[in-house]
Amino acid sequence: MHPKPPASTADRRAPKPAWLRKRLPSGPAYESVRRLLGKAGLHTVCQSARCPNQFECFTRHTATFMILGDHCTRDCRFCAVSHGPPEPVDPDEPRRVAEAAAHLGLRYVVVTSVTRDDLPDGGADLFAAVIHALRQRIPGVRVEVLIPDFQGRRRALETVLAAGPVVLNHNLETVARLYPAARPQADYRRSLDLLARSRRAAPRILTKSGLMLGLGESEAEIRTALADLRAAGVQVLTLGQYLQPTAAHLPVARYLTPETFESWRREALAMGFAAVASGPFVRSSYRAEALCDDARSA
Ligand code: SF4
């Protein structure tokens, strides 16, 4: 007789609930975006992080550009982006991002990066260069940046803010207690501090953050994290279901139902967030433009 697998192994193999089954990305619109990005030698977090919304977003001709290479210097236990020696900074990348965004007909562009703790500026200069290149190539474009914590370096955040994105997004990702297990090289307070500094230094730029739910956090811990984000002045919030990218990543502790996500959306709005996206498939860049507009008109 075989012993029963431990609970954590059983969890890993548990089938996803019906509301989390999605079709695999395919089709001509999806393929044309994939080809365009591949030809330009660009990365997207959509592909690198195995986002479940790829089909929907690529079909709508939108994607989130991931600059500064495809290898992250950190090793977060929930993230599918690969880790390893970072690539050299490519000074031509801003031009290629701007060209690709123009080809896709984008008027609202989301730009993120791998974490580059190896660079003295954390990659802030390249973020700023991408924003400038986009503005030059697409007059009137709005840019949302999803930045790493820059290890708390003030100058790096100032560089990005000075370039004038419409939204400064930095994900808290999870509750404070789970940081050592999920984000061992990050710091809960440092992330909150970055968001608060952005809000103080550039109040016209919307501050945005997000959490993955289902990593083992309690309801009380979620409430504390949301209150901490509001205290930091965060205006836009995303809440989505954590999905285990591979067996080597943290297991899913709980699948929240769509109704539970809806109830968190209402509670977050009642706490004072100007716009909230909350649902099993919500990711920090999901329908980013609509969320930004919601926040502006709130
Ligand atoms: S939700 Fe964001 S990361 Fe996912 S496919 Fe859409 S744009 Fe890409």
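Tyr 108 stands opposite Arg 142 in β4. Likewise, Val 110 stands opposite Glu 144 in β4. The model is predicted: local features need pLDDT of at least 70, side-chain atom pairs count only at pLDDT 80 or more, and totals for chains, interfaces and linings use all residues. Residues are numbered from 1 along each chain as its sequence is written.

Strand β3 (residues 108-113) and β4 pair in the parallel sense over 5 bridges; two strands pair if DSSP finds at least two bridges between them. Helices (H or I, at least four residues) and strands (E, at least two) are DSSP runs, numbered from the N terminus.

Strand β4 (residues 142-146) is mostly covered, with 5 of its 5 residues buried. A residue is buried if 20 or more other C-beta atoms lie within 10 Å of its own, exposed if 12 or fewer, and partly exposed in between, with C-beta atoms placed from the backbone. In a regular strand the side chains alternate between the two faces of the sheet. On one side of β4 are Arg 142, Glu 144 and Leu 146, and on the other Val 143 and Val 145; all are buried.

## The sheet

An open sheet of 8 strands has the order β1-β2-β3-β4-β5-β6-β7-β8, with mixed pairing. Because β1 (43-44) and β8 (275-279) stand at the edges, each with a single partner strand, one side of each is left without a neighbour in the sheet.

## Helices α6 and α7

The axes of helix α6 (residues 124-137) and helix α7 (residues 154-162) come within 8 Å and cross at roughly 0°. Axes are lines fitted to C-alpha atoms, for helices over the stretch in contact, and angles run from 0 to 180 degrees between N-to-C directions. α6 is therefore roughly parallel to α7, since angles under 35 degrees count as roughly parallel, over 145 as roughly antiparallel, 65 to 115 as roughly perpendicular and the rest as oblique.

## The ligand shell

Among the residues around the ligand are Cys 46, Gln 54, Arg 283 and Tyr 286. Helices α3 (45-48) and α4 (54-59) each supply at least two residues of this shell. A residue is near a molecule or strand if its C-beta atom, placed from the backbone, lies within 6 Å of it.

The shell residues divide into 6 nonpolar, 5 polar and 1 charged. Ala, Val, Leu, Ile, Met, Phe, Trp, Tyr, Cys and Pro count as nonpolar, Asp, Glu, Lys and Arg as charged, and the others, Gly among them, as polar.
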